Every structure is written in C-alpha cells, then in structure tokens.
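Hi,

Here is the structure I promised to pass on.

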Amino acid sequence: MKSNLLTLSTVALVLAAGTMAHAQTTVAAGTAKPAAPSAGLVNDWLREQSPEASAWDIGGQFRTRLEHKAHFGVAGGLDFRDEGGDPGNTYWLFRTKAHVGYTPCTWFTVYAEGRDSFSLNDERSPDPETDRFDLHQAYVRLGDPKEFPLTAKVGRQELSYGDERLLGAFDWNNLGRVFDAAKLRFENEKLW
C-alpha cells in the first residue's frame, strides 16, 4: 500500500513539474497576449454561431471519484470490527450538473441548475451519497452594481463565505449544499 502511495505521489509531482516547465517555455516575457476568458465550450461555440447567444449561459459538469475506506467504523455507532463484518468499503461516486442561465440585460439574470448524484457499490444503507435528479439552483438576480450599489438574488442558490464552516456550498461532497434564500448585496468602490 505504501509503495502505491509513493508511486502515485511521484507521478503527480512529475506531471506538475512538467506542466510548470511547459508553461515557462511557451510564454516568453512580453511575447504572448493573455488569453481571453472562456465562457465554456458550449457557450463559446454558440456565441461564434450567433451574437444573440451571448445572453445565454449553457453548461454542465461531470465528476467521478473513487473512495476506499479500510478499517472503517461509524463514530458513535456500529463498529464493523466488533461485529465480525467487513470493515472496508470501496465505491464510486458520480455527480452530474447541467445549467442554463439567461441575462438579457445587465440588471436581470435567471438561472437554473439540475444535479444528479449517485454511488456504485457503496455498502452503507441508506446511501448518504445518492440523490437522484434534483433541482440544485434556481434563482433570479436583479440589479447592476455598476449602475446602482444594491443587488438582490432570490431563490435556491449556493452561498460560500469564508472557509465554509457555517455557510458554504460544501462542493467537495457528492451532494453539495444549497440554500433557499433572498440575498441583498451593497457594493461600491470602498466596500461590499
């Protein structure tokens, strides 16, 4: 097990070093223009096809992760080692998100995002990582801070503040967190 961990760490280090070296050799000082920010593959393609598509935001995310737990006991509950059961659990986590947003003018946005989360081979029951298709976000944003310092965002939304201990999207989890909220934001040159 330790040799596998050492091998994976070495491979990750070599790949990271190679990426940094490639970036340093391809961008000589003063020769490259900064890349224009991408709106995503689908949005970039749609905007090339038609200028009217710039008001739309269409995209998604697919994430998978393998988790392996050895000698696993549930804190404050059942310890599989005491019961003679298998203390290991190896399973795949899958999460898919798809969203569509529409911003016809600078002061109005409507946004909706669906999420599908599930696991394969998870022996826990009930499975805490599975939530078949669900509405993850759906909100309306009103206001343009460049024109007026107060904006509002109303509906189901991700809230991420600080290190996300009290309020956060908890995005590293297979389900994540969202909040049904009305959020007012005051923003000017000096503070927000």
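To start with a term: buried means under 20% relative accessible area, exposed means over 50%, and partly exposed is in between (1.4 Å probe, protein chains only). This is a predicted model, in which local features need pLDDT of at least 70 and side-chain atom pairs count only at pLDDT 80 or more, while totals for chains, interfaces and linings use all residues. Residues are numbered from 1 along each chain as its sequence is written, and side-chain values use heavy atoms, with hydrogens and water left out.

The structure has eleven salt bridges, each being a side-chain nitrogen of Lys or Arg within 4 Å of a carboxyl oxygen of Asp or Glu.

One of them pairs D131 with R115, at 3.4 Å from N to O. Because D131 lies in strand β4 (residues 131–142) and R115 in strand β3 (residues 108–120), the pair ties together parts that are 16 residues apart in sequence; strands here are DSSP runs (E, at least two residues), numbered from the N terminus. D131 is partly exposed at 26%, whereas R115 is buried at 5%.

D116 and R132 form another salt bridge, with their closest N and O atoms 3.2 Å apart. This pair also links strand β3, which holds D116, to strand β4, which holds R132, across 16 residues. D116 is buried at 14% relative accessibility, and R132 is partly exposed at 48%.

Finally, E67 and K69 meet in a salt bridge at 3.8 Å, N to O. E67 is buried at 17% and K69 is partly exposed at 24%.

Best wishes

Key
Helix = DSSP H or I, 4+ residues; strand = E, 2+ residues; numbered from the N terminus.
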